[in-house]
Every structure is written in structure tokens, then in C-alpha cells.
Amino acid sequence: MEKHRNMPKICPSCGNRLSVRALHCGECDTRVEGDYALPSIMRLSDDDRRFVLDFVLCSGSLKEMARAMSLSYPTVRNRLDDIISQLKSFESNETNR
Amino acid sequence: MKRIVNPFRYVAGVESLAIGAAGAVATAGLSTLSGQSFDGILHVHFAGTTFLEALAWQAVMWLVFASLLWLAAAISSTSSVRAIDVYGTNLMARLPLAVLLALDFMPGMEWLREVTPATPVEEIAMHAMSPVMILYAVLSLAVVVWFLYWSYEAFAVSANLRGWRAVWQFASCYVAAECIVRFAVAVVA
């Protein structure tokens, strides 16, 4: 069974954000090299990314999310607001680069 | 345990409003039975009140405090704050006040329920240093802290505000609500 591995996003040596250097096709062994920035959503923590995925699977209903997570509506909304704020900050940092 | 420390992470909206309403009824009932009533958000004094009077004052105190908090949240929060969450969680945060009045029914506290506004201070002072009274004072203080902590957490969760800004806003709303309620009590009395 293949072990689930988390993609590292932060350099273990200097602590800066990592970017994608190479992409590989497992089918035909084609390799593409370049310097690609990680999409904003990929820069979220694993928990936050899971939350976004669950939110989409709940058709974007915070009430449904709150029920599924056994949390109150404002707790779930606050978490979403925090994620939105992180994504906005990623986007604005990207624009300023 | 997490549900006791901060229940508002798990309960808000209509559910918290219903729990809070049940708590307000219990508080009004205990107020009538103990002969003590609230004449401020956190100020209790000896006065015989009917159940409906006590319930009406509970409603006034809740509405004044919650309305100020909702106003603060609407002005300063960047989240879309729902009024039902602010009002509901604030009413639920008043549950410790029922516990505060229930302390009057501790063994050894029977004398407190006999006290009226006409009771001489000397008579009350006679009981002041008894071990039961000291325990009562310590427990009362703990319940007051519990009420303030829950009220703050209710505000912080429902308004999505944190840190010193939230603490400052909460404290300002509390002081303003206390002043308004005491003024209202003085006018009605």
C-alpha cells in the first residue's frame, strides 16, 4: 500500500517557501522543468486545505459544514474567514513580487 | 471539557437562544425563591420580586448588553456577523447567573434567604466571617469570573474578534450596559 506523503511547502534549510522545479508524467516518463510557483490553495496547511475541500463538497453551505463537523456556525464561518484572509495575503504577496 | 470551557465553539444561533431562555427562566425562578434580584448586569441585592418581574429584568439586561455587543461587532468585525449568534450566545452565557443564585441554597445559607432590605446590617455582619459564608464568597467570585469569561467567549466567537481589541470592546460594552441597566432600575424604582 502506498504511503500518503505530504508535499513539503517550506524549505527545511532556510524556511522560505518552496516552488515547483520539475513535473513528471508517470505514464510516459516526460519531464518538464521550470520555476513554477505553488498555487495559493496549495500553500495552505493540510488542515485548511481539507477544510476548503469539505466546504466545496458541502456545496458551500456553512450550515452543512457546521453540522458535519459538530461545530457552531460562527466557528466554521470564522475558520473560513481566516482561510480567505490567508489566501488574500498570498495573492497580494504574489502581486508585489 | 472543551465544551464547558468554550461551549460557543459548538453551540450558537437558535440552539444557544433556547438554552439561554431556559436558563433565564431558571434564574428568575431562583431569584423569586431566594429573595435576591439583579439590579445590574452583575449586581445582586436583597429584594422580593415576583417571577415575572425577575424574568422581565433578565430580558432587559440581556437585550441591553447583547445589543451593545452586536453594535460593536457590526462596526468592527470584518466577518458577516449574524445577530442571532450574538444575542443567542450572550443569553446562554448568562447561565452561570442561575448558579450564582443557586448558591443561596447551600447548607448553612438559610439565613441569607430570610434577609430583606429592612434587615439590619449588624445582623448580616454576624454571619460574614462564618466558614460557610467564606466558601459562599469564594464560589460566588468563581461564578462571576465564569459568567464574564463565557460572555467574552460568546462575543469573540459570534463576532470573530480576538486579542486586546476584542477584550477592550467587550469591557466597554459591559461598563456601558451596567450603567444603562442601573439607570433603568433607578428610574423604575
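Predicted model: local features only at pLDDT ≥ 70, side-chain atom pairs only at ≥ 80, totals over all residues.

1. Let's start with the layout of chain A. It contains three helices and two strands, and from the N terminus the order is β-β-α-α-α.

2. Taken along the principal axes, the C-alpha atoms of chain A fill a box of roughly 45 × 40 × 25 Å. Among contacts in chain A with a separation of 6 or more, 40% are between residues 24 or more positions apart.

3. Next, the surface and burial. Chain A has an accessible surface of about 7200 Å², and carbon and sulfur atoms account for 52% of this. Of the 97 residues in chain A, 26% are buried.

4. On charge, chain A carries 15 positive and 14 negative side chains. The centres of these two sets are 4 Å apart.

5. Is Arg77(A) buried or exposed? Arg77(A) sits in helix H3 of chain A, which spans residues 73-96. Its relative accessible area is 2%, so Arg77(A) counts as buried, the cut-off being under 20%.

6. Which partners does the side chain of Arg77(A) have in polar contacts? Within chain A, it is joined to the side chain of Asn78(A) by a polar contact of 2.9 Å. Across to chain B, the side chain of Arg77(A) reaches the backbone oxygen of Ser80(B) at 3.1 Å.

7. Leaving aside neighbours within four places in sequence, Arg77(A) is in contact with Leu62(A) and with several residues of chain B, including Ser79(B), Val81(B), Arg82(B) and Asp85(B). Val157(B), Ser158(B), Ala159(B) and Asn160(B) are also among the residues that Arg77(A) contacts.

8. Finally, Tyr10(B) lies in the loop between helix H1 (2-5) and helix H2 (13-34) of chain B. With a relative accessible area of 15%, Tyr10(B) is buried as well. Not counting residues up to four places away in sequence, Tyr10(B) touches Ser70(A), Leu71(A) and Ser72(A) in chain A, along with Lys2(B) and Arg3(B) in chain B.

Technical notes: Residues numbered from 1 in each chain as written. Chains lettered and ligands numbered in written order. Heavy atoms only, no water. Helix = DSSP H or I, 4+ residues; strand = E, 2+ residues; numbered from the N terminus. Buried < 20%, exposed > 50% of the residue type's maximum accessible area, 1.4 Å probe, protein only. Contact = heavy atoms within 4.5 Å. Areas by Shrake-Rupley, 256 points an atom, 1.4 Å probe, with all protein chains shown as cover. Lys, Arg positive; Asp, Glu negative; His and termini not counted. Charge placed at Lys NZ, Arg CZ, Asp CG, Glu CD. Polar contact = N/O pair within 3.5 Å; in protein donor to acceptor, adjacent residues only side chain to side chain.
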